[in-house]
Amino acid sequence: MNPINFLRLIHTIYFAPEPDLALIQRLGLLAVKLGQIHALRPDFVGEDRARILARLYSNADSIRPENALALIASYAGPAYMDNFADFDPVPFAAASIGQAHHAHLKDGTSVVVKIVKKEMAAELIRDARRIRSYFKLATLVYPKLRGVANPAELISQIETMTLNELDLRNEVAGQRILEKIVASNADRFDFSHLHFRTVHENLSSEKILVSNFADGETLDQLLSRGALPYDVLLELFNLHGFFLFAIGTFHGDIHPGNIVYKDGHFTFLDTGTIGRVPDIMRTGLFHMFDALSVDDFPRAAACLYSMSEQKLDAAAYAAFEKKFLALYADFPGKTVTEISLTKQMMRTIRLGVMSGMHFDKGMYDIIKSLMFLDGMVIRANPHAVLLHDMQRFIRNFTPFVQ
Ligand SMILES: Nc1ncnc2c1ncn2[C@@H]1O[C@H](COP(=O)(O)OP(=O)(O)O)[C@@H](O)[C@H]1O
Ligand SMILES: [Mg+2]
């Protein structure tokens with residue numbers, strides 16, 4: 001991606017009345033990933049633009065159907081197709097790294113065959129390097145940018161995550177990690193609403209993944225037609241919260257296209273990225289949310305500080321606490337539309353960093369999770385006061401957080 005195209009990308013995401021999805025897709029995988037992240041931020045790009053960008057989760061250009069068969073043959077050899085009773089060469093869903101096809105195994109099992117597109121990794125690495133250098137240039141021109149958001153870090157994160165996703169064996173490994181957590185905690189937490197698809201490992205490889213079809217709609221499809229009740233999202237918070245707060249290992253990419261829902265049941269897809277936070281952050285974060293859900297801001301400030309790897313002297317802490325209280329002065333009772341949780345969290349972390357604190361990079365995994373969750377809440381129930389509604393779940397987790 002050259003600088004002109006980079007500016008076109010920023011322009012179409014942030015300023016064009018209607019984001020040009022075809023352009024974003026032409027600009028490559030990294031551009032698509034950036035577009036997807038902004039789809040969750042109606043507070044940054046406006047609701048209409050976010051809604052259009054959300055199509056990038058499912059409507060990416062797919063490889064032409066005749067190519068799907070050729071692609072499979074090139075990955076797995078000509079005899080591979082003999083494993084299937086039928087295979088629909090027209091993809092039913094296409095996302096940024098690949099496309100999904102309906103098929104049936106010889107025994108009649110309805111499966112999804114996910115295929116990774118070709119030559120994506122090299123282009124991604126090249127683009128990430130270039131975009132980081134544009135940002136570096138921007139921070140030379142505007143040094144103030146350095147302490148604030150860290151776009152170069154965000155790009156590196158997207159790059160690592162996507163390279164990981166491009167090897168579908170990581171998706172199987174990720175699912176196994178989450179399944180194991182469920183199995184070993186089933187006696188102390190209700191996981192009856194969470195499912196994983198059966199993966200056919202004997203038919204899967206780096207570029208092809210065969211799994212049982214999960215009946216239902218993705219949360220993104222439900223959100224798009226206004227059919228996702230807020231309570232269902234809170235239930236997802238509850239499940240995800242257990243992984244996050246009780247274990248510290250969680251689905252690292254819970255965007256709305258990666259979760260299928262039907263009749264009270266969630267199926268986690270796309271488990272190629274597993275988020276992890278160290279214990280000090282898992283417990284610190286839990287207590288911080290607990291304090292925030294009851295508007296106890298001095299305690300929330302102390303919890304943020306408890307996660308810092310860098311200690312402050314008394315004067316520095318007092319100055320930090322004063323700014324923290326100011327940051328939260330208007331917060332109580334605010335809806336997700338008035339103050340987005342992600343934005344508030346980013347400001348909170350930034351305040352900590354500007355005050356001399358230092359946090360483990362697991363913090364970014366958490367921010368990403370929050371971004372997806374609060375992005376979905378903004379679409380499902382713009383008037384929600386999310387932190388207050390989280391209170392009852394947070395109480396449920398107390399016994400699990402030592
Ligand atoms: N086993 C499955 N059952 C039902 N739908 C699936 C299944 N696997 C994938 N999909 C559909 O295909 C889309 C893309 O699959 P996903 O695994 O998320 O790929 P990507 O890595 O390209 O995002 C999903 O959003 C979902 O709509
Ligand atoms: Mg996906």
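Student: Asp270: buried or exposed?
Tutor: Asp270 is buried, at 15% relative accessible area. Buried means under 20%, exposed over 50% and partly exposed in between, with a 1.4 Å probe and protein chains only.

Student: What am I looking at here, and how is it numbered?
Tutor: It is a predicted model, where local features need pLDDT of at least 70, side-chain atom pairs count only at pLDDT 80 or more, and totals for chains, interfaces and linings use all residues; side-chain values use heavy atoms, without hydrogens or water. Residues run from 1 along each chain as its sequence is written, and chains are lettered from A and ligands numbered from 1 in the order written.

Student: What is the phi of Asp270?
Tutor: Near 55 degrees, a positive value in a residue other than glycine. Most residues other than glycine have a negative phi. Asp295 also has a positive phi, near 60 degrees. Asp295 lies in the loop between α12 and α13 (297-306) and is partly exposed at 28%.

Student: New topic. How do α15 and α16 cross?
Tutor: Helix α15 (341-354) and helix α16 (362-380) have axes that come within 8 Å and cross at roughly 160 degrees. Axes are lines fitted to C-alpha atoms, for helices over the stretch in contact, with angles from 0 to 180 degrees between N-to-C directions. The two helices are therefore roughly antiparallel. The cut-offs are under 35 degrees for roughly parallel, over 145 for roughly antiparallel, 65 to 115 for roughly perpendicular, and oblique for the rest.

Student: Which residues meet there?
Tutor: Leu341, Thr342, Met345, Met346 and Ile349 of α15 meet Met363, Ile367, Leu370, Met371 and Asp374 of α16. By class, that contact has eight nonpolar, one polar and one charged residues. Ala, Val, Leu, Ile, Met, Phe, Trp, Tyr, Cys and Pro count as nonpolar, Asp, Glu, Lys and Arg as charged, and the others, Gly among them, as polar.

Student: What about α12 and α17, what angle?
Tutor: Roughly 135 degrees, with the axes of α12 (279-293) and α17 (386-397) coming within 8 Å. That makes α12 oblique to α17. Their contact has seven nonpolar, three polar and two charged residues.

Student: Last one. Where is Phe324, and what does it touch?
Tutor: Phe324 is in helix α14 (314-327) and is buried at 0%. Leaving aside neighbours within four places in sequence, Phe324 contacts Phe297, Ala300, Ala301, Leu304, Thr348 and Leu351.

Technical notes: Helix = DSSP H or I, 4+ residues; strand = E, 2+ residues; numbered from the N terminus. Contact = heavy atoms within 4.5 Å.
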